[in-house]
Amino acid sequence: MNLVIDIGNTLTKVAIFSNNQIIFNNNYDSLTANHIQNLLNKYNIVNSIIAEVKNFDAALQLMLTEKTNFFTLNGNTNLPFNNLYATPTTLGKDRVAVISAASKLFPGTNVLVIDIGTCITFDLIDVNNNYSGGAISPGLNMRLKALQHFTGKLPLVELEEEDTPKFIGDSTINSIKSGVFYGIKHEIEGVINAYDGQYDDLKIVLTGGNAERFELAPKNRIFADKFFVLKGLNEILNENAKI
C-alpha cells in the first residue's frame with residue numbers, strides 16, 4: 001500500500017492507495033505524528049511520499065523514514081513525463097503531481113489540467129508526454145482579498161460554498177461576488193478555447209478545492225477529479241519505489 005501526503009497552503013490531504021485505488025482519504029488542518037501512527041497501525045503501508053509547499057513536522061518524516069520506503073517530492077525525484085519547463089526547480093509540486101496523473105491516466109493524449117485552489121493553475125501535457133508549462137492566476141479568495149486590500153473602501157467579501165452570485169450585482173457586495181466568480185469562470189473558458197485552437201482532441205481535467213463551484217463549458221469534455229493531485233503523487237511514488 002502507498003501513503004500519499006499533500007501538504008498544501010490551507011489543508012493537508014492524505015490518501016492510502018491499494019492497487020492504485022484510494023481506500024482511505026482525509027483532510028487535516030494540521031497533520032501530526034499521531035495521525036500517521038494510527039494509519040500505520042491500521043494499514044499495511046509499504047511506500048510513502050510527501051509533497052509540501054510549506055514546512056512540516058520533522059517527526060513525520062522521521063517516522064515514515066523508519067517505517068516505510070519513504071520519498072519526498074524534490075528535484076531529484078523521477079517523474080513519468082518529459083519535463084521541458086525552463087525553470088524546473090521552481091515548478092510547484094502540485095503542478096508536478098497533476099501532470100504526472102495526466103501522463104499516466106491519459107497516455108498519448110493532449111491534456112489540459114486546471115487546478116482551482118489557492119491559485120488557479122493551467123498545465124498542458126501533449127501527446128508525446130512532453131510538459132512545457134502553463135499559467136498561474138490568482139484564486140477565488142485571493143481575488144476577494146486583493147479587492148479589499150488594494151482599495152480604500154471596498155469591503156472584504158466571502159463567497160460561501162453554496163453561493164452562486166447574481167450575474168448582475170445589485171449592490172457593492174454582490175458586484176464584487178459577480179466580478180470575481182464570473183471573472184474566473186469566463187477566464188477558464190477562454191483559456192480552454194485558446195488551447196483548443198492549438199491542440200487536437202484536447203482532454204480537460206478540472207481539480208482543486210474550488211473546482212466544484214464552477215459549471216464550465218463544454219461540460220461533455222470536462223473530467224472532474226478532486227483527487228487528481230493525490231493520484232499524481234501516487235503515480236510518482238510508484239515510479240520511484242520500483243527503482
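Visitor: On what basis are residues numbered, and what confidence do local features need?
Guide: Residues are counted from 1 along each chain as its sequence is written, and side-chain values use heavy atoms, with hydrogens and water left out. In this predicted model, totals for chains, interfaces and linings use all residues, side-chain atom pairs count only at pLDDT 80 or more, and local features need pLDDT of at least 70.

Visitor: Into which domains is the protein divided, and how far apart do their C-alpha centres lie?
Guide: The division, whose bounds come from an automatic or database domain assignment, gives domain 1 (1–72) and domain 2 (80–242). Their contact (heavy atoms within 4.5 Å) takes 20 residues from domain 1 and 13 residues from domain 2. The separation of the C-alpha centres of domain 1 and domain 2 is 24 Å.

Visitor: What volume does the largest pocket have?
Guide: On a 1 Å grid over the protein atoms alone, a pocket is an open set of points where a 1.4 Å probe fits, with protein on both sides within 12 Å along at least five of seven lines, and lining residues have an atom within 4 Å of a point. Grid points are joined across faces, edges and corners, and the volume is the space filled by probe spheres set on the points. For the largest pocket, that volume is about 1300 Å³.

Visitor: Which element gives the largest share of the lining of the largest pocket?
Guide: Helices (H or I, at least four residues) and strands (E, at least two) are DSSP runs, numbered from the N terminus. Those that give two or more residues to this lining are strand E3 (21–28), helix H3 (93–105), strand E8 (119–125), helix H4 (140–149) and helix H6 (228–241). The largest share, four residues, comes from H4.

Visitor: Which residues lie nearest the centre of the largest pocket, and how many of its lining residues are charged?
Guide: Each of domain 1 (1–72) and domain 2 (80–242) supplies at least three residues to the lining. Of the 39 lining residues, Lys13, Gly117, Thr118, Gly208 and Gly209 lie nearest the centre. Ala, Val, Leu, Ile, Met, Phe, Trp, Tyr, Cys and Pro count as nonpolar, Asp, Glu, Lys and Arg as charged, and the others, Gly among them, as polar. By class, the lining has 14 nonpolar and 15 polar residues, and the number charged is 10.

Visitor: Where do Asp6, Ile7, Gly8, Asn9, Thr10, Leu11, Thr12, Lys13 and Thr118 gather, and which of them line the largest pocket?
Guide: An unreviewed UniProt entry lists these residues under "binding site"; the positions follow the numbering used here, feature names are shortened, and annotations may be inferred rather than shown by experiment. They span 113 residues in sequence, yet no two of their C-alpha atoms are more than 14.4 Å apart, so they gather at one spot. Those in the lining of the largest pocket are Asp6, Gly8, Asn9, Thr10, Leu11, Lys13 and Thr118.

Visitor: Is Asp6 buried or exposed?
Guide: Asp6 is found in strand E1 (residues 2–7). Not counting residues up to four places away in sequence, Asp6 touches Leu11, Thr12, Lys13, Ala51, Val229, Leu230 and Leu233. Buried means under 20% relative accessible area, exposed over 50%, and partly exposed in between (1.4 Å probe, protein chains only). With a relative accessible area of 12%, Asp6 is buried.

Visitor: What relative accessible area does Arg95 have?
Guide: Arg95 has its place in helix H3. Among the residues that Arg95 touches are Tyr85, Thr121, Phe122 and Asp123. Arg95 is buried, because its relative accessible area is 5%.

Visitor: What volume does the second largest pocket have?
Guide: The residues that line the second largest pocket include Leu73, Asn74, Gly75, Gly92 and Lys93. By class, this lining has five nonpolar, six polar and one charged residues. The volume of the second largest pocket is about 240 Å³.
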